[in-house]
Amino acid sequence: ATSVLGETPEIYGAEHLLAARATSPETAAALTRRIRWWEEYTGRQGTTMDANPSPGNKAGGITTILEKSLGAVAKAGRSPLAAVTHYAEPIPRPGLVFMDTPGYDPVSVTGMVAGGVNLVCFTTGRGSVFGSRPVPTVKLGTNAELASRMADDIDLDCSPIVEQGVSVDEMGRRVYDLLLDVASGRRSASEELGLGGEEIVPWQLGAVL
C-alpha cells in the first residue's frame, strides 16, 4: 500500500524528523529542496513560512509554527520515507510518500488525487466541513466536543484516546479498519451528505500556504 502526506508549510521546522527516516540520501535531499523552494516562494510573495498558523489554529491553542509542524509530522506515523514528489505528480512507489502541496486543504487534496490517491484520511479539530470527490474522504474528529457538534459529518471520533484512555495503537486499528471498509464500498459521511463537489481546487498562482 501507499500512504501520502502533504502540506509542506505544515511541516516547516520539523522536516528533519521526516528526512531522518528517508530510505536514501537522495530522498532526504529532495525533501530539503522542497523546503528551500518554499522559503524562496513565500519570500517572493512578501511573507514568511513562520506566518503559517491560521487564526483558527491560534484559537484552537496552537502558538507557534513548530507546534503545528510537530503535529503534522506525527500524522506520518513511523514508516520510512520512501519518496518525495512534486504537486500532482504520479505517486511513484508503495510506502510513505511526501507530496509537495500547500497547506490549504482543497488544493492539497486536489494534488494528491491527481497523483493517484484514491482515499483521503482527514483529521479535524476545529470543525472543517471538507469533503472531496472523486475520492471519498474519511473524517476523523480529534475531540469529543467537535465529534458531538458535527456528528453527521464525522466518520470516527478519536477523542477516546484522551477521554477514555484508549491507546493510540487501538485507535489506529479502528482508523485502519474504517479505511478498509470505505475502500470496500462503505459510504463516508461526506458522501452520505452529498458534500465535496466544489472541493477540486488546483494550485493557483500567488501565495497559497
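Which is Glu 7, buried or exposed, and what is its relative accessible area?

Analyst: Glu 7 is buried, because its relative accessible area is 13%, under the 20% limit for that class. Note that this is a predicted model.

Start with the backbone. Glu 7 sits in the loop between β1 and α1. Its phi is positive, about 65 degrees, and the residue is not a glycine. Most residues other than glycine have a negative phi.

Ala 88 is another non-glycine residue with a positive phi, near 65 degrees. Its place is the loop between β2 (81-85) and β3. Ala 88 counts as partly exposed, because its relative accessible area is 28%.

The peptide bonds hold a further point of interest. Most peptide bonds are trans. The bond joining Arg 133 and Pro 134 is cis, with omega about 15 degrees. Pro 134 belongs to the loop between β4 (120-124) and β5 (137-141).

Glu 10 forms a salt bridge with Lys 68, at 3.2 Å from N to O. Glu 10 and Lys 68 are each buried.

Leu 70 lies in helix α4. Together with Leu 17 and Leu 66, Leu 70 makes a nonpolar surface patch of about 250 Å² accessible area. Leu 70 is classed as partly exposed because its relative accessibility is 42%.

Now the other salt bridges. The count comes to nine. Among them is the pair of Arg 34 and Asp 100, 2.8 Å from N to O. Arg 34 is in helix α2 (residues 25-44), while Asp 100 is in the loop between β3 (95-99) and α5 (105-115), so this pair too links distant parts of the chain, 66 residues apart. Arg 34 and Asp 100 are both buried.

Another salt bridge joins Arg 149 and Glu 145, with 2.8 Å from N to O. Here both partners lie in helix α6 (residues 144-149), four residues apart, about one turn of the helix. Arg 149 is partly exposed, since its relative accessibility is 48%. Glu 145 is partly exposed at 47%.

The whole structure has eight aromatic pairs. In one of them, the ring centres of Trp 37 and Trp 203 are 6.0 Å apart and the planes are at 85 degrees, so the pair is edge-to-face. Trp 37 is in helix α2 and Trp 203 is in the segment after α9 (189-193), 166 residues apart. Both are partly exposed: Trp 37 has a relative accessible area of 27%, and Trp 203 has 21%.

Trp 203 pairs with Trp 38 as well, this time stacked, at 5.5 Å centre to centre with 20 degrees between the planes. Trp 38 lies in helix α2 and Trp 203 in the segment after α9, so the pair ties together parts that are 165 residues apart in sequence. Trp 38 counts as buried, because its relative accessibility is 0%. Trp 37, Trp 38 and Trp 203 belong to one aromatic cluster with Tyr 41 and Tyr 87.

Technical notes
Residues are numbered from 1 along each chain as its sequence is written. This is a predicted model: local features need pLDDT of at least 70, side-chain atom pairs count only at pLDDT 80 or more; totals for chains, interfaces and linings use all residues. Side-chain values use heavy atoms; hydrogens and water are left out. A salt bridge is a side-chain nitrogen of Lys or Arg within 4 Å of a carboxyl oxygen of Asp or Glu. Buried means under 20% relative accessible area, exposed over 50%, partly exposed in between (1.4 Å probe, protein chains only). Helices (H or I, at least four residues) and strands (E, at least two) are DSSP runs, numbered from the N terminus. Patches are made of residues with over 30% relative accessible area and no salt bridge: like charges are joined within 9 Å, nonpolar side chains (Val, Leu, Ile, Met, Phe, Trp, Tyr) within 5 Å. Accessible areas come from the Shrake-Rupley method with a 1.4 Å probe; for residues, only the protein chains shown count as cover. Rings of Phe, Tyr and Trp (its six-membered ring) pair if their centres lie within 6.5 Å; planes under 30 degrees apart count as stacked, over 60 as edge-to-face and the rest as tilted.
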